[in-house]
Amino acid sequence: MNSGGLADRMSWARGARDRRQDAMPQSVRDGTSPAVLCRVGGRVVSMNGAMAATGARGQTLETVLDALVDFDAALVYRLSRSSVTVGFALEQVRARRSERVCYLSAVRVGEDLVLWRVLDMASLSDAALPSMADHYEAAPFAYLYVESDGTVSSNIRFRDQFGEDTAPILSQLTDGEGGLREGCVDLIRPDGRCERVHVLVPGCGTGMPHREVFLFDCLTAMPEAGAESAPISDLPIPVMRLGEGGRILSLNAAAAAMLGEGVAIGRPLDEIVACRGRRIAEVIDAAAEAGEARVETVMTAPTDPSARPLQLTVSSTRDAGGSAIAVLSDATEFELLQDKYAQSQKMEAVGKLAGGVAHDFNNLITAINGHCDLLLIGKDATQPEYSDLMQIRQNANRAAALVRQLLTFSRKQTLNPEDLSVSDVISDTLYLLDRLIGDQVKLRLDSDPSGAVGQVRADHRQLEQALMNLVVNARDAMPNGGTVTISTRRRVIRVEEERQGGVLPVGDYVELAVADEGTGIDEAVIGKVFDPFFTTKPQGEGTGLGLSTVYGIVSQSDGLVFAENRPEGGACFRMLFPRVEASRAQEVKPEKPVVDLTGHGSVLLVEDEAAVRSFAARALRLRGYKVTTAEEAEEALAILEEGAQSFDLIVSDVMMPGMDGPSFVARARKIRPEARILFVSGYAEEAFYKEIDNPDYHFLAKPFSLSELTAKVKEVLSAA
């Protein structure tokens with residue numbers, strides 16, 4: 001055996017292996033990016049320390065890469081072929097462990113060797129070795145070469161993406177100091193589209209007379225599992241991305257429609273809108289510095305006097321390219337919403353005031369009516385004071401009706417809803433309506449030709465009140481006479497309708513409308529006609545509560561009311577109530593016999609209003625009850641704790657100074673759990689039951705008469 005020949009062959013093989021290992025540059029061997037040197041067929045020759053540290057093992061390229069990135073055979077083939085024919089190849093891949101975006105590059109470093117590297121974004125400048133500069137013309141990334149004399153050359157990929165003219169792109173890449181920007185940058189293409197690229201300028205800041213500029217596709221990381229994302233073009237709100245100096249980098253169709261003509265990608269937003277003496281760039285910087293979004297009112301078409309205001313909301317966060325997200329909204333709509341909110345707050349405040357005034361009035365009316373009832377006991381029409389007392393009582397009842405209007409407007413009126421036929425309500429009110437409209441105005445009924453329109457659930461007395469208010473309003477709109485038409489229709493709404501700023505939901509409705517032949521309603525004020533105290537009548541000829549009362553009644557019955565002008569002239573008010581199924585024929589109830597209101601038992605009466613307390617105590621004593629009075633809750637508790645007497649019934653006002661009625665009763669029942677409870681109040685029963693959810697508690701609304709009080713007391717004491 002020729003040992004010398006064998007030694008020569010082994011020495012040659014070691015040299016060949018060393019030469020292959022030397023084909024991996026020292027910077028790559030010592031670098032932090034994993035790299036593996038392979039033959040063209042994919043057989044592994046060597047790997048650097050960074051690759052070995054990942055735990056990658058194997059004799060073929062596929063087995064080494066399998067632990068690092070997601071890939072398939074087609075990708076490896078494309079890269080291998082490009083590295084052999086062009087000398088360089090680069091494609092995006094995903095890291096297996098972190099799901100981050102990275103790049104797999106393949107560079108031919110010899111006749112049969114290819115250097116494969118896994119690179120992150122920061123290492124892309126090392127992707128192409130200097131020895132491969134001659135192959136950048138066909139490289140899979142955009143490339144610019146800027147010589148010292150200013151001559152610029154580009155490769156095929158750049159020309160495909162950005163066109164032959166390099167000047168527009170270079171101007172966008174130049175920073176304020178004449179240098180070139182690096183990192184993720186938004187560039188405006190010749191076709192107006194915005195493209196984000198990752199810019200690398202090797203040797204930037206080293207004083208080199210020339211510049212090489214690499215522009216790689218700027219890709220983002222894969223979203224988390226289950227996360228949803230959508231481009232701004234798919235968003236239903238006007239959104240845009242603003243770059244340096246407030247330039248528009250991209251915007252969706254909604255934003256383009258709102259900004260109108262003149263909007264274009266790459267154009268500064270300042271040229272399209274006016275921003276109250278500030279530049280858009282200042283707004284962007286202010287949002288970034290403050291760490292919170294900034295809202296500015298801008299005007300479209302600054303030179304156009306009819307321009308409308310917009311609200312521009314600029315986010316405080318910036319993306320990798322430094323661009324900001326801006327959202328547009330119609331400031332006119334926002335101002336209308338503000339006005340509506342302010343109006344609702346005003347109505348709420350007036351409603352609370354009305355409720356408070358009504359409470360005090362109900363106490364006064366209760367005392368007046370009650371003492372009238374006491375004086376009327378044993379008297380008849382033959383006595384001279386009888387007519388005076390009846391006059392007092394009638395005027396007190398008129399005052400009570402006004403209080404009910406206030407409570408209805410404030411939506412705090414106690415209602416007794418029942419299934420009603422709208423036609424029956426009109427029939428019951430017809431005689432009174434004829435008296436109301438006078439001789440110059442005619443009343444016309446227009447019923448649904450199909451027959452009965454169905455029933456609604458409402459308070460009979462309140463629905464009559466709403467109808468009378470509308471008829472009186474129609475009469476006043478025709479001082480020279482005319483015809484008031486009351487019509488009923490069944491309306492089936494199959495698609496939501498927008499009416500006067502509100503939405504009419506889908507459903508089955510009964511419409512009760514009142515139309516006149518007057519001059520109609522000024523369109524400028526038609527949205528205010530239901531506002532409290534709003535009236536178009538001369539001063540002193542209207543309270544402004546008629547239509548607002550109608551609004552309150554209809555709203556409390558889950559209905560809607562609209563005002564509109566008729567094409568043939570005049571105005572029409574339409575009340576729409578949810579239609580309910582016709583209830584079974586109700587049994588005819590016999591007339592109530594005369595009820596014996598006398599009774600017996602011990603009553604503790606707790607009422608802070610002296611006049612009401614005096615009347616109620618006298619009324620109950622006259623009917624046979626033993627009554628103990630207390631001015632406040634604390635006094636009543638002291639009486640109960642003494643235990644000197646037992647009480648069958650506790651009658652308490654709901655609202656009292658100091659401790660209120662419900663709180664008092666909660667403590668009283670711990671002392672006398674067997675006592676029955678009757679609350680009285682000038683406020684609505686609904687508000688009472690929101691505070692006290694107990695079926696054992698009974699309620700009587702103020703104002704009440706002598707007979708109503710004594711009947712209710714007897715009913716509560718007689719209940720099982």
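Gly569 takes a positive phi near 110 degrees in the hairpin of β25 and β26, which has five residues between the strands. The model is predicted: local features need pLDDT of at least 70, side-chain atom pairs count only at pLDDT 80 or more, and totals for chains, interfaces and linings use all residues. Residues are numbered from 1 along each chain as its sequence is written, and side-chain values use heavy atoms, with hydrogens and water left out.

Strand β25 covers residues 560-565 and strand β26 covers residues 571-580. They pair in the antiparallel sense over six bridges. Pairing here requires at least two bridges found by DSSP between two strands. The strands themselves are DSSP runs (E, at least two residues), as helices are (H or I, at least four), numbered from the N terminus. Within the pair, Val561 has Met575 of β26 as its bridge partner.

Glu564 forms a salt bridge with Arg574, with the closest N and O atoms 2.7 Å apart. A salt bridge is a side-chain nitrogen of Lys or Arg within 4 Å of a carboxyl oxygen of Asp or Glu. The pair links distant parts of the chain: Glu564 lies in strand β25 and Arg574 in strand β26, ten residues apart. Glu564 is partly exposed, because its relative accessible area is 27%. The classes are buried (under 20% relative accessible area), exposed (over 50%) and partly exposed in between, with a 1.4 Å probe and protein chains only.

Arg566 and Glu568 form another salt bridge, their closest N and O atoms being 2.8 Å apart. Arg566 counts as partly exposed at 24% relative accessibility. Glu568 is exposed, with a relative accessible area of 58%. Salt bridges that share partners also join Arg491, Glu511, Glu564 and Arg574 into one network.

By this rule the count of salt bridges comes to 13. One of them joins Arg490 to Asp508, with 2.6 Å between the closest N and O atoms. This pair links distant parts of the chain, 18 residues apart: Arg490 in strand β21 (residues 482-493) and Asp508 in strand β24 (residues 507-515). Arg490 is partly exposed at 40% relative accessible area. Asp508 is partly exposed too, at 24%.

Now move to another hairpin. Strand β12 (residues 239-242) and strand β13 (residues 248-251) run antiparallel and are joined by three bridges. Leu242 has Ile248 in β13 as its bridge partner. Five residues lie between the strands of this hairpin, and Gly245 takes a positive phi near 75 degrees there.

Next comes an open sheet. Its six strands have the order β2-β1-β6-β5-β4-β3, with antiparallel pairing. β2 (44-47) and β3 (69-70) stand at the edges, each with a single partner strand, so one side of each is left without a neighbour in the sheet. Inside the order, β1 (residues 35-39) and β6 (residues 113-119) pair in the antiparallel sense over five bridges. Arg39 has Leu113 of β6 as its bridge partner. Strands of a sheet pair through backbone hydrogen bonds, either parallel or antiparallel.

Finally, look at helix α16 (residues 633-642), where Glu635 has its place. Glu635 counts as partly exposed because its relative accessibility is 34%. Glu631, Glu632, Glu634 and Glu635 gather in a patch of negative charge on the surface. Patch residues have over 30% relative accessible area and no salt bridge; like charges are joined within 9 Å, and nonpolar side chains (Val, Leu, Ile, Met, Phe, Trp, Tyr) within 5 Å.

Note on methods
Accessible areas come from the Shrake-Rupley method with a 1.4 Å probe; for residues, only the protein chains shown count as cover. Lys and Arg count as positive and Asp and Glu as negative; His and the chain ends are not counted. The place of a charge is taken as NZ of Lys, CZ of Arg, CG of Asp or CD of Glu.
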